[in-house]
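Please look over the sequence and the structure before reading on.

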Amino acid sequence: MTTENTPLRGRVCLVAGATRGAGRAIAVQLGTAGATVYVTGRTTRDRISEVGRATETIEETAELVTAAGGEGIAVPTDHLEPGQVRALVERIDQDHGRLDVLVNDVWGGEHLLVATFGRKTWDIDLADGLRMLELGVRTHLVTAHAALPLLARHPGGLVVEVTDGTTAYNGTHYRENLFYDLAKNAPIRIAFGLARELADAGGTAVSVSPGWLRSEQMLAHFGVTEENWRDATEQLPDFAVSESPVYVGRAVAALAADPGRARWNGRSLDSGQLAREYGFTDADGSRPDSWGFMAAKEADPDTRPEDYR
């Protein structure tokens with residue numbers, strides 16, 4: 001492969017929370033671009049996390065990264081445990097002496113969201129609500145605290161905070177319940193703050209949101225696969241604007257390969273926006289714009305999802 005096809009050859013990346021969904025796809029697309037990618041999570045071939053899905057593991061993610069042309073390295077890590085995260089970063093430092101890209105995609109709280117969707121704060125089990133904040137906020141802070149000294153050692157580092165929703169959308173919409181709303185707005189502010197702190201080191205920090213993601217869990221919810229996902233539109237027509245995880249994976253890989261990415265520093269971005277900027281498509285050749293569709297539909301209920309892909 002040429003350097004043009006593998007613009008991230010020689011770069012070292014950490015995708016925290018790469019067991020499945022967006023994190024797995026981001027890791028694979030970074031590998032496609034030639035990067036060495038450390039992938040972390042709690043579900044391995046020997047142990048299952050509280051998410052309860054044994055069908056995806058970090059070992060499998062690492063193998064997919066390597067098969068795509070990069071080097072995938074699986075490191076079981078609970079990002080709520082500072083000691084484990086510090087050990088992970090020390091290993092990266094010992095192996096390579098640098099970290100070029102940190103993708104903070106840790107979540108694993110969908111099982112909590114289902115039970116609390118649309119409920120009042122005082123009707124939600126407090127332990128479940130606080131667990132969402134631990135999984136979606138504390139993990140990101142623990143990881144950033146441990147990894148950023150290594151990332152800032154060399155100019156040009158990139159931090160991507162993966163979340164659900166953009167500043168434009170989340171700023172005017174209440175996200176399901178208070179705990180989830182906080183968990184998904186916090187990464188946007190983390191990226192905003194880190195953008196200021198990394199500027200002196202020539203680093204860039206952004207938040208990136210996929211649109212309506214056809215993750216493994218979402219496909220299972222509708223009882224479909226990636227091959228026949230359109231069957232789910234019979235239950236919910238708006239699902240026609242959904243996107244595969246490949247889309248946000250390509251978005252992050254494009255950012256990582258862009259020498260001028262500092263222009264995005266501190267910004268809240270989404271996969272459809274970045275697809276228009278960098279010219280990539282989803283796996284099926286389409287270019288979904290979930291957030292654009294939702295905004296348009298609020299203004300005109302007859303807006304068709306097919307017009308936004």
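The model is predicted, so local features need pLDDT of at least 70 and side-chain atom pairs count only at pLDDT 80 or more, while totals for chains, interfaces and linings use all residues. Residues are numbered from 1 along each chain as its sequence is written, and side-chain values use heavy atoms, with hydrogens and water left out. Helices (H or I, at least four residues) and strands (E, at least two) are DSSP runs, numbered from the N terminus.

**Helices α5 and α7**

- Helix α5 (residues 126-151) packs against helix α7 (residues 178-198) at an angle of about 15°, and their axes are 9 Å apart. Axes are lines fitted to C-alpha atoms, for helices over the stretch in contact, and angles run from 0 to 180 degrees between N-to-C directions.
- The two helices α5 and α7 are therefore roughly parallel (angles under 35 degrees count as roughly parallel, over 145 as roughly antiparallel, 65 to 115 as roughly perpendicular and the rest as oblique).
- Residues that make the contact (heavy atoms within 4.5 Å) include Leu133, Val137 and Leu141 of α5, and Ala183, Ile190 and Leu194 of α7.
- The contact residues of α5 with α7 comprise 18 nonpolar, three polar and no charged. Here Ala, Val, Leu, Ile, Met, Phe, Trp, Tyr, Cys and Pro count as nonpolar, Asp, Glu, Lys and Arg as charged, and the others, Gly among them, as polar.
- Leu141 lies in α5 and counts as partly exposed, because its relative accessibility is 45%. Buried means under 20% relative accessible area, exposed over 50%, and partly exposed in between (1.4 Å probe, protein chains only).

**Helices α1 and α9**

- α1 and helix α9 (residues 245-257) pack at an angle of about 50°, with 7 Å between their axes. This angle makes α1 oblique to α9.
- Among the residues in this contact are Ala22, Ile26 and Leu30 of α1, together with Val248, Val252 and Ala256 of α9.
- The contact of α1 with α9 involves 10 nonpolar, three polar and one charged residues.

**Helix α2**

- In helix α2 (residues 58-67), the buried residues are Ile58, Glu59, Thr61, Ala62 and Val65.
- These residues cover an arc of only 160° around the axis, which puts them on the same side of α2. The arc is that of the directions from the helix axis to the C-beta atoms.
- The buried residues of α2 pack against α1 (21-32), β2 (36-41) and β3 (71-76).
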